[in-house]
Amino acid sequence: MLPFDYGRANTVDGALAAMGDKTKHPPTSAPSQFIAGGTNMSDYMRLGVNRPSRLIDINPIEDRRLRAIEIGDPEIRLGALVRMSEVEDHPEVNRRCPMLTESLKLAASRQIRNMASLGGNLLQRTRCEYFREISWPCNKRNPGSGCSAIDGFNRQHAVLGVSDACIATYHGDFAQALIALDASVDIIGRDGIRRIRLADLHRPPGDRPDLETVLGPDELIAAIVVDVPAWAARSRYLKIRDRQSYAFALASTAVALDLDGNEVRDVRIGLGGVATVPWRATAAEDVLRGRPLTEESAGKAADAAFAGARPRQHNGFKVELGKQTLVRGLIELREMRL
Ligand SMILES: Cc1cc2nc3c(=O)[nH]c(=O)nc-3n(C[C@H](O)[C@H](O)[C@H](O)COP(=O)(O)OP(=O)(O)OC[C@H]3O[C@@H](n4cnc5c(N)ncnc54)[C@H](O)[C@@H]3O)c2cc1C
Ligand code: SF4
C-alpha cells in the first residue's frame, strides 16, 4: 500500500474544491480521488491498482441530492450516497420494480451492501484477474502495455462490446436493471449539474480501455433518476454464477415485460456478466415487441441479443449461457402472477 493523504468533505462544493485544479487525468488515475463506501476503492488500493495520493471522503456530505430516496410516479430518484441495502429494503421500490431490488440483493454480501453506495456501485472497476494483479500487462491499468486476457485465461471475460485492446467484463448487477429502464445520472461539477443517460456514462473499451467513464476527475455522481412504468411490476433480475451467493455473474438478465394477453406490448432487457459495459439488448427487445411471447420468439430474441458476440478461447460458453438466461428470464416472467 502506498502512503496517501485523507480528507473529509462536508459539502459538495468542498468535495469538488478538494480535487484541486482541473486535471487531464481520468478519475481512476487522478492524484485525488473520491471514496464513498470504500469497498471497491480500498480493495484496489491494497492491490496497487488504484494509486491516489489523496482520498476525499464524501460520506460526511448531508446534501439531500446525494442522500435521499424519492419515490415519485413514474420517477424514482436515488441519491448516490444511499447504501445498496437501503434501496434493497425499500418496499415501494420492490413493489414498483422487483428487478431493481433483486439486482441489489443478489450482489456481493449484506455486509458489503450495508457499506457500498449506489454511486460507487455504478463505478466499480472490473474484476479481470490480469487487471487486479499488477505484474501483468494490462491496457486498462497501464495504457499501451497490452492485454493479457485476450490470449490468456478468459473464462470470465466479456463477449459483447469487446475491442482488440480489452475484453474485461463490467461486473455490476444494479446497472443492468437501471439500463433496461434507460435510467439517467445527475452529475455535479464546478459548472453545475448535468444529466446524462446511464447508457452514456460508461465508455466501451475501444482503443482506450483506461478511460472507463465520461466523468471528469472533479465531477461527482449526485443521483440516479429512473422513470419506472407501471408495468415494471412484472420484472425480474436473474443471475447465473459459479456459486449461489457472493459471486459475480457469469450471465445475468434484467427483464421488464408489458404483456397484453400473451403478446408483448413492451419489453426492456439488460444483460450482465457478458459485456464490457452495462448492456441493453435493444435488438432482442425489437424482436419481441408486438409478437406473442413463446419459447420460439424468446429464442429468436436471445439470438439477436448475442448476434455481435466475439467469444475467445475460454468464454464461448457465455454465448449459450447468456441466451438461455434471457429465455428463462422471459418465460418465467410471462408466468408471473401479479
Ligand atoms: C467480495 C466482493 C464481492 C462483490 N460482489 C458484487 C456483486 O456480485 N455484484 C455487484 O454489483 N457488485 C459486487 N461487488 C462490488 C461492490 O458492489 C462495490 O464494491 C460497491 O458497490 C462499491 O461502492 P462503494 O461505495 O464502496 O464505492 P467506493 O469503493 O467508495 O468507490 C468506488 C469508485 O467510485 C468512485 N465514487 C464513489 N462514489 C462516487 C460518486 N458519488 N461520484 C463520483 N465517484 C464516486 C470512487 O472514487 C471509486 O473510484 C463486490 C465487492 C466485493 C468486495
Ligand atoms: S481484459 Fe482489459 S482489464 Fe483485463 S488484462 Fe485485458 S486490458 Fe486489462
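Around ligand 2 stand 14 residues (C-beta atom, placed from the backbone, within 6 Å of the molecule). The closest are Cys 128, Tyr 130, Cys 138, Cys 147 and Cys 166. The shell divides into 10 nonpolar, 3 polar and 1 charged residues. Here Ala, Val, Leu, Ile, Met, Phe, Trp, Tyr, Cys and Pro count as nonpolar, Asp, Glu, Lys and Arg as charged, and the others, Gly among them, as polar.

This is a predicted model: local features need pLDDT of at least 70, side-chain atom pairs count only at pLDDT 80 or more, and totals for chains, interfaces and linings use all residues. Residues are numbered from 1 along each chain as its sequence is written, while chains are lettered from A and ligands numbered from 1 in the order in which they are written.

Next, the domains. An automatic or database assignment gives domain 1 (5-60) and domain 2 (232-334). Their centres, taken over C-alpha atoms, are 36 Å apart.

Now the strands, which are DSSP runs of E, at least two residues, numbered from the N terminus. Strand E6 (residues 184-189) runs antiparallel to strand E7 (residues 192-197), with 6 bridges joining them. Two strands pair if DSSP finds at least two bridges between them. E6 and E7 make a hairpin, with 2 residues between them. Ile 188 has Ile 193 in E7 as its bridge partner. E6 also pairs with strand E8 (residues 220-227), antiparallel, over 5 bridges. There, Ile 187 is opposite Ile 221 of E8.

Definitions and conventions
Helix = DSSP H or I, 4+ residues; strand = E, 2+ residues; numbered from the N terminus.
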